[in-house]
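Hi,

Here is the structure I promised to pass on.

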Amino acid sequence: EEAAAPVAIPAAPTAGATAASPLAYDSKNAFASVKLTLPEDLKSQPDLHKSLYDASVADLKTFVEGAQADRTEFGGDGGMPPYEKVVEYQGAVETGKLFGLLGDAYEFTGGAHGNPSYMAVLWDKALKRRIDVNALLKPGADRAALDRMLCAALNVEKRKRDPQAVLLTLNGADWKCPRFAETVVGLARSTTPGKAGGLTVQIGPYVAGPYAEGGYEIDLPQSALRPYLNPAYADEFAGAPVKRPDEA
């Protein structure tokens, strides 16, 4: 079967970057506190490093500007604490062709609690560009089957947390399983060096249950994903996802 060309995400040109980008950014004023942390592994991909740092810092600066506008619009902030946004990317999963990062963010703009969110970066090392997770899948891959696989894995995790948890379906009335396409997806660490063990799916609070239940990180093993992988990237996957500390 002929492999489909990877799907590229347009990005600002970063080739030719000479100065090394920092791995952290930290800024604080009376209106907001923001922080970015990038992993040491990112230094091996200077173009991605510069692109990710520049875009993340620009986003944090915009957040600070928005905080100042929000809190001065009505002539004061009523003694509210500063807004806050913290962004952190974890260590990389790297294969022969791919470099992947997973990240999370915490954002507080008032209210009872802050809001977490997730990010994933997929980078084709030869093309030197970001790709979408769809590039890793065969054209015409059975998305309904992926939805069912994710839903089953999510229910396993819910039952680990609470043996009495009500199992979710794809069409539940209150809470339901998200579709694969609605989630944040990155590479899963593998028991085989230099390979990805599958895909890690990140599901935020409020998606599959109340805020107090928290979010989920679910590893879909490459052995189950094999029928759906794009032949152009299938060889980048082997082994099994590395167990998390709470699973060991």
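Before anything else, keep in mind that this is a predicted model. I've grouped what turned up by topic, starting with the overall layout.

**Layout**

The chain holds three helices and ten strands. Reading from the N terminus, the order of elements is β-β-α-β-β-β-β-β-α-β-β-β-α. Of the 248 residues in the chain, 42% are buried. If you take the contacts with a separation of 6 or more, 61% of them join residues 24 or more positions apart.

**The largest pocket**

The largest pocket has about 270 Å³ of space, and 17 residues line it. Which of them lie nearest its centre? Those are Leu-102, Arg-189, Thr-200, Glu-217 and Arg-244. By residue type, the lining comes out as eight nonpolar, five charged and four polar.

The largest nonpolar core has 37 residues, and the members that touch the most others are Leu-136, Leu-187 and Leu-199. Helix H2 (143–161), S8, strand S9 (196–203) and S10 each put in at least two residues. H2 is the top contributor to this core, with seven.

Setting aside neighbours within four places in sequence, its contacts include Val-93, Leu-98, Phe-99, Leu-102, Leu-122 and Phe-237. Leu-136 and Leu-199 are on the contact list of Leu-187 too, and Leu-102 is also one of the residues nearest the centre of the largest pocket.

There is also a second, separate core of 25 residues. Among its members are Tyr-25, Leu-52, Tyr-83 and Tyr-89.

**Helix H2**

H2 is 19 residues long and covers 27 Å from its first C-alpha to its last, close to the 27 Å expected at 1.5 Å a residue.

**Two positive phi values**

A bit of background for this one: most residues other than glycine have a negative phi. Lys-128 is not a glycine, yet its phi is positive, at about 55°. You'll find Lys-128 in the loop between strand S6 (115–124) and strand S7 (129–130). Lys-128 counts as exposed because its relative accessibility is 53%.

Tyr-206 is the other case, with a positive phi near 80°. Tyr-206 sits in the loop between S9 and S10. Is Tyr-206 buried, partly exposed or exposed? With a relative accessible area of 45%, Tyr-206 is partly exposed.

**A few single residues**

- Ser-21 is in the segment before strand S1 (24–28). Its relative accessible area is 14%, so Ser-21 is buried. Not counting residues up to four places away in sequence, Ser-21 touches His-49, Lys-50 and Tyr-53.
- Gln-68 belongs to helix H1 (residues 46–72) and is partly exposed, with a relative accessible area of 38%. Gln-68 and Ala-32 are 36 residues apart in sequence, while their C-alpha atoms are 7.6 Å apart in space.
- Ala-240 comes in the segment after H3 and counts as partly exposed, at 34% relative accessibility. Beyond its neighbours within four places in sequence, Ala-240 is in contact with Arg-189, Ser-190, Thr-191 and Gly-197. Of these, Arg-189 is also one of the residues nearest the centre of the largest pocket. From Ala-240 to Asp-219, 21 residues apart along the chain, the C-alpha separation is 9.4 Å.

That's what I have for now.

Cheers

Technical notes
Residues numbered from 1 in each chain as written. Predicted model: local features only at pLDDT ≥ 70, side-chain atom pairs only at ≥ 80, totals over all residues. Heavy atoms only, no water. 1 Å grid on protein atoms, 1.4 Å probe; cavity = no way out; pocket = protein on both sides within 12 Å on 5 of 7 lines; lining within 4 Å. Points joined across faces, edges and corners; volume = space filled by probe spheres on them. Nonpolar A, V, L, I, M, F, W, Y, C, P; charged D, E, K, R; others polar. Core = buried A, V, L, I, M, F, W, Y, C linked by side-chain atoms within 4.5 Å. Buried < 20%, exposed > 50% of the residue type's maximum accessible area, 1.4 Å probe, protein only. Helix = DSSP H or I, 4+ residues; strand = E, 2+ residues; numbered from the N terminus. Contact = heavy atoms within 4.5 Å. Expected span 1.5 Å × (residues − 1).
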